[in-house]
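Please keep the sequence and the structure in view while reading.

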Amino acid sequence: MTSVFSAEGKNIPCTVIEAGPCIVTQVKSNETDGYEAVQLAFDEKREKSTTNPMKGHFKKAGTTPKAKLVELKDFEQELKLGDVLTVDIFDEDTFVDITGISKGKGFQGVVKRHGFGGVGDQTHGQHNRLRAPGSLGGSSFPSRVFKGMRMAGRTGGDRVKVENLRVIKVIPENNLLMVKGSVPGPKGSYLIIEK
Amino acid sequence: MDLMKVAEESFKTGVEIPEFGAGDTISVHYKIKEGNKERVQVFRGTVIQIKGSGNNKRFTVRKISNNVGIERIFPMNSPFIDKIEVNRKGKVRRKRIYYLRQLTGKKARIKEKRV
């Protein structure tokens, strides 16, 4: 993330994304696969660390091995095997949705994980239960813990979609896309950008 | 990280900013919008500190106006900066000369650096 000044002099927080070039490595159709979809590949990968079946798959599309493959449905334009998608398909001042895997936070309590308030007071006889979840299931009724009760556990590392991020700038020479605001995941992670 | 620089540089205003540091006296020509009119205001004072890096870099200028000390923070890459002039190079030992805030009158002078 960084920040840039707009023409009006406002300081805008923005994220820089390397978007493409993505290569179409497979086109799925109703006849052969039962549904319509397009498989896109991005980011170079060493030939040595590519398995033989995958090497054949990339050879079919006429490209070098790629690190990330993603299947997407409902493309507006017709794509053929080996087509290259670059950042040019995005326009400035339009809105995009971005999907990514959020940062892993490890085992977290209910206050961080579900936004519980914790116990209100630090004093007034209260002791060592400041961030506790409170009652779970009652003693006489219902005398059990309901399914899906929100408790402590692994947090983050989920698939998160952020909607309506404004495209500030498109730099086709370096395949860069700049959007306003933040996107899920750590630096250098993969994202899916949808128009 | 190289690509971050490419993205940041595409937003540069093209105004050449001269080299200056703490203790220097500079004039900042700042564009001000009033309704539809735009005019340039000059803020002349001593640079107290330079803070931040990259697109986030900013500097603080201090001046005494009507016996009241005024400090103003300018972002280095602000599109409102028309021009920056370095009027005088000052000889100071620190990067952040906050001690200047406590000094007034003759004591608040800074020696000129001989080049």
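Two strands are said to pair if DSSP finds at least two bridges between them. By that criterion, strand β7 (residues 95–101) and strand β10 (residues 159–171) of chain A are a pair, as 6 bridges join them. The model described here is a predicted one.

**Secondary structure**
- Chain A contains 3 helices and 12 strands.

**The sheet**
- Strands of a sheet pair through backbone hydrogen bonds, in either a parallel or an antiparallel manner.
- In chain A, 6 strands form an open sheet with the order β1-β2-β11-β10-β7-β12, and the pairing is antiparallel.
- The edges of this sheet are held by β1 (2–5) and β12 (192–194) of chain A; each has a single partner strand, so one side of each is left without a neighbour in the sheet.
- From one strand to the next, the twist averages 45°.

**The pairing of β7 and β10**
- These two strands of chain A run antiparallel.
- Within this region, Phe95(A) has Arg166(A) of β10(A) as its bridge partner.

**Overall dimensions**
- The radius of gyration of chain A is 23 Å, whereas a compact globule of 195 residues would have one near 16 Å.
- The C-alpha trace of chain A spans about 70 × 50 × 35 Å along its principal axes.

**Burial, surface and contacts**
- In chain A, 33% of the 195 residues count as buried.
- Among contacts in chain A with a separation of 6 or more, 65% are between residues 24 or more positions apart.

Key. Residues numbered from 1 in each chain as written. Chains lettered and ligands numbered in written order. Predicted model: local features only at pLDDT ≥ 70, side-chain atom pairs only at ≥ 80, totals over all residues. Heavy atoms only, no water. Helix = DSSP H or I, 4+ residues; strand = E, 2+ residues; numbered from the N terminus. Axes fitted to C-alpha atoms, helices over the stretch in contact; angles between N-to-C directions. Rg over C-alpha atoms; globule rule 2.2 N^0.38 Å. Buried < 20%, exposed > 50% of the residue type's maximum accessible area, 1.4 Å probe, protein only. Contact = heavy atoms within 4.5 Å.
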